[in-house]
Amino acid sequence: MRNTHLFFTALTSSAVLALTACGGSDPAEETAPPVAETVVIHDAWVKAAETGMSAAFGGVENTGDTDAVVTASTSEASTALELHETVENEAGEMVMREKANGFTIASGETLALEPGGNHIMLMDLVEPLEAGQEIVFTLTFSDDSSVEFSAPVKDYSGANENYDEGDEEGNDEHSGHDMDHDMSDDHTDEG
C-alpha cells in the first residue's frame, strides 16, 4: 500500500511538472518590445531648400514581429511636418496629400520614402536647408514609442509634386501651396 501511495505521488508530481513544462509562457502574455526598438532607418536624406517646404526620404524597415505604424514625425527644422503619400487625382495627375492614418509597415517589410511616393513633408522651414547639413527627425509610432534619426541635406531638383486640393474629408489646407510636378529621381550625393 505504501508503494502504491508513493507511486501515485510520484505520478502526480511528474504530471504537474510535465504540464508546467509543456505550458510554458503564453505568447499573448509576453510583452512585445516597443515598436521603435524594431525599426531601422536606412539611407535617409532631405531635399535642400531655401524657404517654404522640403521633404525627407529613405527607408523605414520593420524588423519586429508585428506591424509598425508611423503616426507622426517632428524636427526642429520645421514647425509643421506631415506624413505624405502621392496619389493620382481625378484629373490623372499625381498629387501629394497627408496620409491621415500614418504609414503601416508590415513585419519584415521596408517602407520606401521616396520622391514621387510616400515621404515626410516639412511644411514650414525654420531656416534654409543647405547641402551638407544634418537634420534630426523623430518618428512616433502607434504605441507612443519613438525613434530619432539624422539625415543629410542634399541638392535635388525633383520632389516637386502638386498638392491635392482636398482629401476625402474636404480638407484643403494645402491649397495655395501648389508646386511644379517633377517625378525625376536624380539627387546628388553630397555630404
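Asp144 is placed in the loop between β9 (134-141) and β10 (146-154). In this predicted model, Asp144 has a positive phi of about 70° although it is not a glycine. Its relative accessible area is 69%, so Asp144 is exposed, the cut-off for that class being over 50%.

Asp43, however, belongs to a strand, β1 (residues 39-47). With 70% relative accessibility, Asp43 counts as exposed.

**Strand β4 and its partners**

Strand β4 spans residues 81-88 and is mostly covered, seven of its eight residues being buried. β4 is joined to strand β8 (residues 119-122) by four bridges, and the two run antiparallel. Within this pairing, Glu82 stands opposite Met121 of β8. Five bridges connect β4 with strand β5 (residues 94-98), again in an antiparallel arrangement. Here Val87 has Val95 of β5 as its bridge partner. β4 and β5 form a hairpin with five residues between the strands, and in this hairpin Gly92 takes a positive phi near 85°.

**Aromatic pairs**

A pair of aromatic rings is described by the distance of the centres and the angle of the planes. The count of aromatic pairs in the model comes to three.

| Pair | Centre to centre | Angle between planes | Class |
|---|---|---|---|
| Trp45 and Phe57 | 4.7 Å | 40° | tilted |
| Trp45 and Tyr156 | 5.1 Å | 75° | edge-to-face |

The pair of Trp45 and Phe57 is classed as tilted because its planes lie at 40°, whereas stacked requires under 30 degrees and edge-to-face over 60. Trp45 lies in strand β1 and Phe57 in strand β2 (residues 54-62), so this contact ties together parts that are 12 residues apart in sequence. Both Trp45 and Phe57 are buried.

The rings of Trp45 and Tyr156 form an edge-to-face pair, with 75° between the planes. Tyr156 is located in the loop between β10 and β11 (162-163) while Trp45 is in strand β1, so the pair ties together parts that are 111 residues apart in sequence. Trp45 and Tyr156 are both buried. Through these ring pairs, Trp45, Phe57 and Tyr156 are linked into a cluster.

Definitions and conventions. Residues numbered from 1 in each chain as written. Predicted model: local features only at pLDDT ≥ 70, side-chain atom pairs only at ≥ 80, totals over all residues. Heavy atoms only, no water. Buried < 20%, exposed > 50% of the residue type's maximum accessible area, 1.4 Å probe, protein only. Pairing = 2+ DSSP bridges. Phe/Tyr/Trp six-rings, centres within 6.5 Å; stacked < 30°, edge-to-face > 60°.
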